[in-house]
Amino acid sequence: MKKKNLLCILFVCFNSICPMLPEGSSVRREKLQRQSAVQMQEFITSVQRKKEIAIQDYINKLPYEQKVAQLFLVNIEGNRQFIPVERTGELYGEQKRGNFMVPGGCLFFSYNIADTPEEIMIFIDSITEYSNRHGLVPPFLAVDQEGGTVNRLKGITGPLPSCERVAACLDIEKAYYLYLLQGKQMKALGFHLNLAPVAEIRTDSNAEFLAGRSFGDRQSVIGYGRAAINGYKNSGIGSVLKHFPGNTNTDPHSGLPEINWSDDELEKNSIEPFTVLVSENPVGVLMSHARTSAHDADIPACLSKYWVDYVLRKQMNFDGIVFSDDIFMNALRKNGYPPDTAAVMAIEAGVDCIMLSEKRFAGIAHIIIRKSKSDPVFAATVEKAVARIIRWKIQQKILDLSCDKNGNWQINVRIPAPVSERLKQFSKARQEGIRLYQENF
C-alpha cells in the first residue's frame, strides 16, 4: 500500500477511535492528533517538492529548440496523418538538416477537420503518436469553436449557435449545459483548447465587426462568459478569453483597430468584464491587435507591456497563458510590425504563446533563439513562458506526471484512450446537444 494512502487510513481510524478514549486521555488525544496532522502535512509537502523537482528537471533537460517551439501556436498540414514540415536545421539556415519540429500548439482550421468524428480522432492521435515516437513534447490542440459563423466543427459536433443567439434563447444554466456538452464532444475528439469565448461587450464601435460573436451587454458577457468558461472547464477543455482589451469595426485582418475610449470607458467596457471573467481561471487570454488612445497609444495591445504585464498580469492577477492574435494579420504587418519584430515585442511584453496562421514558425523561432543568446533578460522571459506552458500541459494531462514504484516522479506523454471508447462518449454528448438545441432554438 502506498505511504500516502496508509497515512490517510491511519489518520481517519485514529480520529474515529479518539472519542472512545477515557476522559483523562483528552490531552494525550489532542497531542496525538497534532502529531498526526504534522506528519500528514510533512508528507504532502514532501510529495509536492518531489513533483516540483521532476517538473523543473524535465524543463531543464529539454533541448532549447523544443523550448522555443513551445511558444508557438501554428496551423498544420492535412487532416489524415500528421506530417511535420520543418526541421531544426531551418532554425540555423540549413533547411534539410536536423530532426523535424513540432510546435507547442497546433491550430486547426476547417480544412484540418476530417469528414467524420472517427477520422478526426485518428488524425489527432497521429500527432501524439509522432511526438511520442520522436521524443518530442506533444503539442496542445486548439480550435476556434465560438459558435455561429466561427464554428470549425460544424457538422461534426452538435449545433452550436452564436454567442448572441445563446444569450437570446437560453438562460445561464442551459447555456452552461450547452457548452459542457460541446466541450465533452471536443474532448472526445482529442482537442485540449477552445479559443473562445469572446468576452467583449458589444458597443456601437465594434458591433459591425463582432456581429453575433458577443453575448451583448456587460451583464450578458459576464454571465454567459462565465457559463462558457466553466462548461468547457468541467468537460476537460481549456478556454481562452478574447480579444483583450477589445476591437473596433476595423477588421484586424485588413487594418489596425484604434480604440478611442476614455479611461472610464475602458474600465467599463473592457477591463471590468475581463477582470471578472479572469477570476474564473480560464486557461488563457488572447490579446487583440488594437491600439488604445488612453494608454500606450502607439503600440498594439498584444505588443504592449502596459496591457499585458501591467493590466492583465498585475492589476487582474492573471497567471494563465497569454496568447497573441495572429501576428501575420495586416493590423501588424502593414503598420510597422512585421512578424519577426512582432514576435520579439510580444514576448518582451509578456505574451507566452504566439499565434501564426502560417504552417512554418522556424524563421521566427530563429529570431527568438538569437535574441535569447544575446539578451539574458529576454532569455529569462522565454524560460518563464515555457515553464507556464509545460505546467499547463501537465495539468491538462497532455503530459503525464506519475510516480513509479520507487517513489520517483517522472513525466511521459499521455497516450489517448481508444477511439472506440471516445466515439461512444462523443455520440452520447452529441445526441444530448442536439436534443437541447431542438428544444430551445
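## Rings and their partners

Phe-215 comes out as buried, because its relative accessibility is 3%, under the 20% cut-off for that label. In this predicted model, Tyr-224 is buried too, at 9% relative accessibility.

How many aromatic pairs does the structure hold? The count is 14. Phe-215 and Tyr-224 make up one of them, and their rings are stacked. Another stacked pair joins Tyr-437 and Phe-441. Here are the two side by side:

| Pair | Centre to centre | Angle between planes |
|---|---|---|
| Phe-215 and Tyr-224 | 5.8 Å | 25 degrees |
| Tyr-437 and Phe-441 | 5.1 Å | 20 degrees |

Why do both pairs get the stacked label? Because planes under 30 degrees apart count as stacked.

So, are Tyr-437 and Phe-441 buried or partly exposed? Tyr-437 is partly exposed, with a relative accessible area of 26%, and Phe-441 is also partly exposed, at 24% relative accessibility.

Phe-244, Phe-274, Tyr-306, Trp-307 and Tyr-310 are joined into a cluster by ring pairs.

Now for the charges. Which ring does Arg-87 lie over? That would be Phe-100, with Arg-87 over its face at 4.0 Å from the ring centre. Lys-371 has its charged end over the ring of Phe-378, and the distance to that ring's centre is 5.9 Å.

Technical notes: Residues are numbered from 1 along each chain as its sequence is written. This is a predicted model: local features need pLDDT of at least 70, side-chain atom pairs count only at pLDDT 80 or more; totals for chains, interfaces and linings use all residues. Side-chain values use heavy atoms; hydrogens and water are left out. Rings of Phe, Tyr and Trp (its six-membered ring) pair if their centres lie within 6.5 Å; planes under 30 degrees apart count as stacked, over 60 as edge-to-face and the rest as tilted. Buried means under 20% relative accessible area, exposed over 50%, partly exposed in between (1.4 Å probe, protein chains only). A charge sits over a ring if NZ of Lys or CZ of Arg is within 6 Å of the ring centre and within 35 degrees of the ring normal.
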